[in-house]
Structure formats: C-alpha cells, structure tokens
Amino acid sequence: MPRKPRIHFPGAAYHVILRGNDGQDTFLDEADRSRFFFLLQAGTERFGHRIHAFCLMSNHLHLAVQVKEIPLARIMQNLGFRYTQYFNRRYKRTGHLFQGRYKALLIDADSYLLELMRYIHLNPIRAGMVARPESYPWSSHCAYLGGEKPPWLTTDWVLGQFPDAERYHRFIEDGMEEGYRKEFHTGSFEGRALGDDRFIEEALSQAEEPARGKLTLETLIEAVCRAYGLRKAELASRSRVRKISEARAMASLLVRETEMLTMVDLGREIKQDVSSLSQAARRLEMRIESDSPLEERFEAIQGMIANPHLSSLTPCA
C-alpha cells in the first residue's frame, strides 16, 4: 500500500526522527556531530525553516522543525544526502547511512510543541546515558538554560511561554520521570499528525491548495532534460553519449531520493532497465562526493523540482 504524503503548509511544525540504517551509529565522534550542526545551519539559511529543539543520539536523532514555504521533504533530503556524503567520504564507505524514509509527525504547535521539546531534551535520560539533561552536550537543552546557542536554533518561541529561565527549568524537571510517549511517534491521525479534530481539519484544508504543485515523475524528468539540454526521447534512447548517460543517472538518483516516486516507474517511463538505473544512481552518487559542480547541479535540480517554475534552470553545456 502506498505511503500517504506528508501534510505540508507554511508554518507547519513536525517531530522528525532520523535513524541509522539497521541501527548503525550515525555519529562516531565530536567531528561528526559538528559537521551535522554545520549542515543544519546551512539548511536553515537556505530554506528558511526553524529548528526549535534537537537531540543527537549515537544511532538516531530528534528534531522539532517548523517550515515555511519549502516542504520538509526537500529539507530532509538535502540534509540526509549531504551528511551521508560526508560520512561515507570520511569513513571510506558507500551506500545508505540512514534507515529508509525519516519519520515526521505534524504536530499542533500551540498544544504540543512545549511538551515535544521536553520529550526531545529528556531522550538521553530515558536511554540511561546521563542522569541530568544538562549533562548531555548534544541537545538544545543547555542553550535554553542560557548556555551557548547555535545560530540556527530558535529559542524565543519556547522561552516566550515562560516568565523566566527558572520556570522553564522547572517545566523540564516535572517531566524527568516521563517515559516513552507513543503519541509523539504515531500521532492521533493516520500516523501523520498529532492534534485534535479541529487542528487536523484545518491542517488538511491548508495542505490542499499547494497539493496541485505536488511533484510528479513527469516534472522530475522535465527538470533533468532542461538541465542537460535534452529531449525526453533522448533520455529514453539507448544512447551512451556521456551527457545522456549522466542525465539518466541524475534522474535515477533524484527519484531514489524523492518520496512517492519509484525506480520502477522511472524505468517504465524512459524505457530503461531498473537495475541499470539503480547502478547508475550509485555511481553518480560516488562521483558527486568529489565533484562540487556536479553536486551543485544535483541540488539545483532538486530545488527546481520542488518549484513549478522550471524555466529558471540553466541548461548545462
């Protein structure tokens, strides 16, 4: 059964969980976490979203993210792709780092953001890693207590709900005995959202209007053809000309990194073998790790397929 699309509208807030593939560690030392922080900052500067809370564990991470116009899918694809590139390059490995599709739960921020922030900050306590949340350096809790605040972390909304830092601290203390909260993982509506019926109804209503710009395979193929100055018929041909082969690989990698699209559908659309497309995507991914212009082209096309105005994409030579 196809997975239902995420509910997106400007201002939407989400609990995001990203896990290592097969439970493997995604952060091996301080340098890895620092690199991830750098990518979080680059993302907020590029896409304009807010991060209200974070906690980096060894093999997974939690974020409280509030988006603007750019959908969460675009933000997380960019973050996951760029960190995986860094990790694979540093540790001389290949393949996926994160487990399938990230988990993202739309939340009613007015009702749940404070409790979600506390739940995220207390994750190391529940895991038995530390006795006090302020003893764990890889969450946003210390920033809320007045410690060093990363420039990409937004604390004003949460702190604005308390008269002073002491009241915030007391709020965290009140949750110290709190265990696993299923609602922050599965929600109250189809595993996609957490809120009362009125919130769900309003969220679905707001999400309907931008739904007409939902990414289709045809849009992705058109973006790739424009970027490479090709016609779809050339992409579907048996030609092994470098530019055409790279364009096919680019389309394959984009499909692999995009929700709701499949390699099977791409293969059917451009009359290519699925296993060949998958191999081409892997080879291109490895090239991107050491080819900055190619990485920029990949990200440019990624950006354009999230935007209906494809004509602004400059064809390559």
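**Salt bridges, domains and strands**

Tutor: We may begin with R90, which counts as partly exposed because its relative accessibility is 35%. Please keep in mind that this is a predicted model.

Student: Is D32 buried or exposed?

Tutor: D32 counts as buried, because its relative accessibility is 0%.

Student: And what does D29 form with R90?

Tutor: D29 forms a salt bridge with R90, and the closest N and O atoms are 2.8 Å apart. D29 lies in the loop between strand 1 and helix 1, whereas R90 lies in helix 2, so this pair ties together parts 61 residues apart in sequence. D29 itself is partly exposed, with a relative accessible area of 25%.

Student: How many salt bridges does the structure hold?

Tutor: The structure holds 20 salt bridges. One of them joins the side chains of R268 and D265, at 2.8 Å from N to O.

Student: Why are R268 and D265 separated by about one helical turn?

Tutor: They are 3 residues apart in helix 13, which means a separation of about one helical turn. An α-helix has 3.6 residues a turn, so residues three or four places apart point the same way. R268 counts as exposed at 58% relative accessibility, while D265 counts as partly exposed at 33%.

Student: Which residues are linked in a network of salt bridges?

Tutor: E115, R118, E178, R181 and E183 are linked in such a network. R118 is also among the buried residues of helix 3, which include L113, L116 and M117.

Student: Let us change topic. How is the chain divided into domains?

Tutor: Domain 1 covers 12-208 and domain 2 covers 217-306. Their centres, taken over C-alpha atoms, are separated by 31 Å.

Student: How many residues are in contact between the two domains?

Tutor: In domain 1, 14 residues are in contact with 16 residues of domain 2. The two domains bury about 1400 Å² between them, and 47% of that is on carbon and sulfur atoms. There are 3 salt bridges between domain 1 and domain 2. Helix 2 (residues 72-90) contributes 9 residues, the largest share of the side of domain 1 that touches domain 2.

Student: Where is Q272, and is it buried or exposed?

Tutor: Q272 is in the loop between helix 13 and helix 14. Q272 counts as buried because its relative accessible area is 14%, and the cut-off for buried is under 20%.

Student: Which backbone oxygens does the side chain of Q272 reach?

Tutor: The side chain of Q272 reaches the backbone oxygen of S237 at 2.9 Å and that of I270 at 3.3 Å. Leaving aside residues up to four places away in sequence, Q272 touches several residues, including L235, R248 and L277.

Student: One last topic: which strands pair with strand 1?

Tutor: Strand 1 pairs with strand 3 in the antiparallel sense over 7 bridges, and V16 has L63 as its bridge partner in strand 3. Strand 1 also pairs with strand 4 in the antiparallel sense, over 5 bridges, and there A13 stands opposite I107. Strand 1 is mostly covered, with 6 of its 7 residues buried.

Note on methods: Residues numbered from 1 in each chain as written. Predicted model: local features only at pLDDT ≥ 70, side-chain atom pairs only at ≥ 80, totals over all residues. Heavy atoms only, no water. Buried < 20%, exposed > 50% of the residue type's maximum accessible area, 1.4 Å probe, protein only. Helix = DSSP H or I, 4+ residues; strand = E, 2+ residues; numbered from the N terminus. Pairing = 2+ DSSP bridges. Domains from an automatic or database assignment. Contact = heavy atoms within 4.5 Å. Buried area = accessible area lost by both parts, 1.4 Å probe. Salt bridge = Lys/Arg side-chain N within 4 Å of Asp/Glu carboxyl O. Polar contact = N/O pair within 3.5 Å; in protein donor to acceptor, adjacent residues only side chain to side chain.
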